[in-house]
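Welcome! Here is a short tour for someone meeting this structure for the first time. Take a look at the sequence and the model, then read on.

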Amino acid sequence: MAFDGITIAAVTKELNDTLIGGRLSKIAQPESDELLLTVKTSAGQYRLVLSASASLPLIYLTDKNKQSPMTAPGFCMLLRKHIQNGRIVSISQPGLERIVNFEIEHLDEMGDLCRKKLIIELMGKHSNIIFCQENGVILDSIKHISGMVSRVREVLPGKTYFIPHTQDKQDPFSAVKESFLSLLSGKPMPLYKAIYTTYTGLSPVIAQQLCYAAGLDGDLPASAYTDHELSELFSAFSQIIEKIKTGAYSPAIVYEKNAPVDYAAVPLTLYEDSRHESVSFPSMSPLLEVYYAQKSALTRIRQKSVDLRKIVQTALERNLKKYDLQCTQMRDTHKKEKYRVYGELLNTYGYSAAPGAKSLEVINYYTDEPLVIPLDPTLSAVSNAKKYFDKYQKLKRTSEALSELTVEVKAEIDHLESIATALDMAIKEEDLVEIKEELIQSGYIRRKAGSRQQKKASKPLHYYSPEGFHFYVGKNNLQNDNLTFKFASGGDWWFHAKGIPGSHVILKTDGTQEIPDTAFEDAARLAAYYSKGRNQDKVEIDYVQKKQVKKPAGAKPGFVVYYTNYSMMMDTDISRLTLLDES
């Protein structure tokens with residue numbers, strides 16, 4: 001989700017509701033492109049984050065503090081000199097631009113009352129925080145932009161501030177039906193793209209939402225729609241603009257499989273299906289803090305697991321190639337029985353073969369059908385028979401060797417795929433510690449000399465159902481083994497996706513209580529969700545009492561056997577279950 005004009009409008013309203021009249025008691029610059037302002041109001045104290053990061057520009061209220069450098073940067077010192085203890089008199093957003101203007105009233109060195117402007121531009125790589133005189137003359141900025149960097153606008157002390165208009169976009173607040181239809185109707189690009197490239201402040205997601213609300217396919221060209229259909233789109237457009245004008249925001253994050261996928265200050269009804277869940281927030285600041293913290297955590301885990309993923313993927317590709325080659329060789333050995341029969345029939349009927357013959361037709365006494373045996377004309381029938389027996393023996397030895405090798409390689413492939421699935425499930429750095437330890441134990445990573453096995457701090461996932469049942473989910477193979485063979489009791493129920501990598505799931509019981517069907521279904525959903533088949537509509541789940549589950553001697557971590565079990569097909573919707581804190 002882009003940090004678009006609608007999001008900024010919602011944040012601006014929140015700031016107006018909380019910060020107007022407040023005083024800037026502290027000004028800090030914890031990062032080179034970020035400010036942390038502490039504002040004291042009659043209602044209490046607030047912290048405001050202003051980030052001009054090129055990758056993640058943000059503005060939101062927070063209750064968290066950040067460590068600042070021992071020596072404040074020059075831009076921070078300038079702000080402290082001019083506006084520390086200043087009063088915020090207005091906070092505004094020009095149109096739906098990704099800009100927020102703070103007007104701050106303060107006393108100058110002579111004790112006279114004057115005003116300054118602090119402007120944050122949230123425009124991706126062009127983001128900036130600019131400090132200006134009341135007349136718009138720039139005093140300084142957190143990023144200096146010279147003419148060599150930008151031909152559009154210089155951001156330097158002494159220059160006059162203005163909003164760059166690099167794209168010919170319309171103000172959505174002044175849109176009327178006639179101009180809306182004329183601007184969109186002739187465009188050959190997809191309808192949703194035509195919307196956000198025509199009007200300021202609208203992101204692609206909001207444009208898709210408008211199309212969905214109007215019942216139109218946003219991927220079709222805008223020129224393909226009639227004026228009547230575009231009129232329906234204008235109605236949806238007008239409804240969102242009216243919500244912005246009246247401040248009727250409904251901030252929410254949309255989740256899919258417990259992972260944040262989108263957010264908006266207005267309802268995203270295009271995500272109203274069984275795969276998605278919407279979580280509402282009272283305002284934009286807590287939403288932004290939660291969303292980007294979760295996104296950042298997922299991104300950080302993905303980055304930290306890159307090396308492990310590469311090791312697993314390389315080993316997996318190597319074993320898959322080996323397995324394919326072995327299967328091809330195994331198919332070739334299926335001819336061995338034919339050569340054995342040829343040899344036996346030649347020993348029986350070889351006396352009738354003419355010298356120098358290239359073939360011999362005989363009756364196969366195994367099937368009572370005629371059979372033509374190819375011969376080497378330079379050899380006798382006895383020598384031909386010996387040649388076929390030699391081929392048979394060679395293929396038999398190959399088949400016996402491959403029978404063991406293919407089983408070993410297939411087990412290794414299954415093991416590596418289970419590790420890859422565990423990497424996809426990892427949500428904390430502690431989860432990666434156990435996966436790395438498993439790769440060390442399996443010989444894929446060499447343990448550094450003098451290093452000890454790292455403490456495995458991660459714990460299985462713990463879920464709780466409305467009916468009061470507890471479920472435990474292993475996040476990797478080492479955890480699966482501990483969960484099944486050390487934590488679970490014999491009367492507990494064990495669940496696993498059939499034939500694919502996945503977690504061991506334990507349904508705890510006291511060994512005597514009667515378990516309702518809903519508990520079995522909840523456990524099966526967890527096993528389906530935490531498996532390689534989590535994106536399928538239904539997954540087949542095996543379940544059995546834990547006492548029926550055995551681990552063969554020398555088996556890979558996470559590998560078990562069971563011979564009597566129940567099965568069910570189950571979906572992956574675990575929304576009714578509560579994930580408890582595992583710390």
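This is a predicted model: local features need pLDDT of at least 70, side-chain atom pairs count only at pLDDT 80 or more; totals for chains, interfaces and linings use all residues.

Let us start with helix α8, residues 306-332, and helix α10, residues 381-425. Their axes come within 8 Å and cross at roughly 155°, so α8 and α10 are roughly antiparallel to each other. The crossing of this pair is left-handed. Sorted by class, the contact of α8 with α10 has 16 nonpolar, six polar and seven charged residues.

Helix α10 also packs against helix α11, residues 429-441. Here the angle is about 165°, and the axes are 10 Å apart. That angle makes α10 roughly antiparallel to α11, and the crossing of α10 and α11 is left-handed. On the α10 side, the contact is made by H415, I419, A422 and L423; on the α11 side, by L432, I435, E438 and L439. These residues divide into six nonpolar, one polar and one charged.

| Helix pair | Angle | Axis separation |
|---|---|---|
| α8 and α10 | roughly 155° | within 8 Å |
| α10 and α11 | about 165° | 10 Å |

**Two buried glutamates**

Now for two residues that sit in helices. E417 belongs to helix α10. Is E417 buried or exposed? Its relative accessible area is 18%, and the limit for buried is under 20%, so E417 is buried. Leaving aside neighbours within four places in sequence, E417 is in contact with L316, P501 and K532. The chain also brings E417 and I500 to 8.7 Å from each other, C-alpha to C-alpha, although they are 83 residues apart in sequence.

E289 has its place in helix α7, residues 284-304. With a relative accessible area of 19%, E289 is buried too. Not counting residues up to four places away in sequence, E289 touches Y60, L61, T62 and K64. Of these, L61 is 228 residues from E289 along the chain, yet their C-alpha atoms are separated by 8.5 Å.

**The nonpolar cores**

In soluble globular proteins, nonpolar side chains tend to be buried together. In this model, the largest nonpolar core has 84 residues. Which of its members touch the most other members? They are L50, I59, F102, L118 and L233. Helix α6, residues 227-246, gives the most to this core, with eight residues. Setting aside residues up to four places away in sequence, L233 touches F180, L184, L191, I195, L210, C211, A214 and L216. Apart from this core lies another one, of 28 residues, among them L507, A524, Y529 and V539.

**Two loop residues with positive phi**

Finally, let us visit two loops. N85 is found in the loop between α2 (74-83) and β5 (87-92). Although N85 is not a glycine, it has a positive phi of about 75°.

D368 lies in the loop between β13 (359-364) and β14 (369-374). D368 is not a glycine either, and it has a positive phi of about 60°. The relative accessibility of D368 is 64%; exposed means over 50%, so D368 counts as exposed.

Methods:
Residues are numbered from 1 along each chain as its sequence is written. Side-chain values use heavy atoms; hydrogens and water are left out. Axes are lines fitted to C-alpha atoms, for helices over the stretch in contact, and angles run from 0 to 180 degrees between N-to-C directions. Helices (H or I, at least four residues) and strands (E, at least two) are DSSP runs, numbered from the N terminus. Angles under 35 degrees count as roughly parallel, over 145 as roughly antiparallel, 65 to 115 as roughly perpendicular and the rest as oblique. A crossing is left-handed if the near helix is turned anticlockwise from the far one by less than a right angle, and right-handed if clockwise. Ala, Val, Leu, Ile, Met, Phe, Trp, Tyr, Cys and Pro count as nonpolar, Asp, Glu, Lys and Arg as charged, and the others, Gly among them, as polar. A nonpolar core is a set of buried Ala, Val, Leu, Ile, Met, Phe, Trp, Tyr and Cys residues joined through side-chain atoms within 4.5 Å. Buried means under 20% relative accessible area, exposed over 50%, partly exposed in between (1.4 Å probe, protein chains only). Contact means heavy atoms within 4.5 Å.
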